[in-house]
Amino acid sequence: MTKDRLSRLGPLSGVLFVVLEIGGFAVGAAGGRASVTLGDPSSKVLKAFADPVGSGVWVGAYLELASLAAFAVFAAWIFRSRRGPLATAGLIAAGTYVAVTVVSLVVGDVLEYRAGHGIGAQEILALFDLQAGLYVVSWGVAAAFLALAPATGWLRRSALAIAVLSLLAMAAPKADAAQLPAMLFLVWILVASVSLARRPREVATTTPAAATA
């Protein structure tokens with residue numbers, strides 16, 4: 001992908017990531033996707049996966065997977081002018097976020113696919129705990145991405161604040177407010193996409209100016 005094309009697609013990809021992520025969740029929920037968290041009792045988890053799901057669940061799953069491709073393009077765009085170990089670490093954090101989230105989604109899809117088709121209680125709980133654990137890990141990876149994101153001013157301060165909240169949520173994943181930082185992460189991506197697209201100089205750069213002849 002050329003730099004010119006990346007500069008055009010980058011801001012759009014951040015917005016697309018958020019739209020597809022939220023849209024996929026909404027479509028999946030409308031199709032009967034299980035809505036349970038680590039804080040719910042085992043009986044509620046088992047009940048949530050007792051019946052087969054509708055086709056909307058799979059449409060939602062595809063949208064969520066597609067959103068991660070958009071996030072990868074956004075990450076490449078936001079780090080486009082950075083060089084050095086911090087930029088490398090940021091791109092690694094973005095790649096890790098995509099990988100962990102993909103595995104979490106796949107485990108969740110296995111649960112939904114087997115729901116109502118004879119899956120045992122212990123299998124349900126084991127797969128659910130694995131998916132939930134991966135989801136919680138993604139909070140920490142998202143925090144690393146935000147901490148390394150090359151933004152300045154209020155975007156930088158808000159990114160660090162959300163990163164801290166994400167790490168606190170990891171320490172208490174069963175708390176009612178533990179899901180909030182994940183939503184704030186999406187909000188930050190959306191706002192950063194629009195803001196940095198309108199003010200490209202907001203992105204910090206460590207690239208030295210080209211020497212004149």
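This is a predicted model: local features need pLDDT of at least 70, side-chain atom pairs count only at pLDDT 80 or more; totals for chains, interfaces and linings use all residues.
Local features are reported at pLDDT of at least 70 and side-chain atom pairs at pLDDT 80 or more, while totals for chains, interfaces and linings use all residues. Residues are numbered from 1 along each chain, and side-chain values use heavy atoms, without hydrogens and water.

The protein chain has seven helices and zero strands, where helices are DSSP runs of H or I with at least four residues and strands are E runs of at least two, numbered from the N terminus. Of its 213 residues, 41% are buried, that is, under 20% relative accessible area with a 1.4 Å probe, protein chains only. Among contacts (heavy atoms within 4.5 Å) with a separation of 6 or more, 80% join residues 24 or more positions apart.

Helix α3 (residues 55-78) and helix α4 (residues 85-114) have axes that come within 10 Å and cross at roughly 175°. Axes are lines fitted to C-alpha atoms, for helices over the stretch in contact, and angles run from 0 to 180 degrees between N-to-C directions. The two helices are therefore roughly antiparallel, a term for angles over 145 degrees. Residues of α3 in this contact include Trp58, Leu65 and Phe71, which meet a set in α4 that includes Leu91, Val98 and Tyr113. By class, the contact has 15 nonpolar, one polar and three charged residues; Ala, Val, Leu, Ile, Met, Phe, Trp, Tyr, Cys and Pro count as nonpolar, Asp, Glu, Lys and Arg as charged, and the others, Gly among them, as polar.

A second pair is α5 with α6, packed at an angle of about 160° with axes 8 Å apart. This makes α5 roughly antiparallel to α6. Among the residues in contact are Trp139, Gly140 and Ala143 of α5, and Arg156, Ala163 and Ser166 of α6. Here the division is 14 nonpolar, two polar and one charged.

The largest nonpolar core has 33 residues; such a core is a set of buried Ala, Val, Leu, Ile, Met, Phe, Trp, Tyr and Cys residues joined through side-chain atoms within 4.5 Å. Phe17, Phe71, Phe145, Phe185, Trp188 and Ile189 have the most contacts inside it. At least two residues each come from α1 (3-30), α3, α4, α5 (121-148), α6 (153-171) and α7 (180-198), and α3 gives the most, with seven. Beyond its neighbours within four places in sequence, Ile189 is in contact with Gly14, Phe17, Val18, Phe71, Phe74 and Phe145. Another core, of ten residues, lies apart from the largest one and includes Ala34, Ala115, Ile124 and Phe128.

Definitions and conventions:
Angles under 35 degrees count as roughly parallel, over 145 as roughly antiparallel, 65 to 115 as roughly perpendicular and the rest as oblique. Buried means under 20% relative accessible area, exposed over 50%, partly exposed in between (1.4 Å probe, protein chains only).
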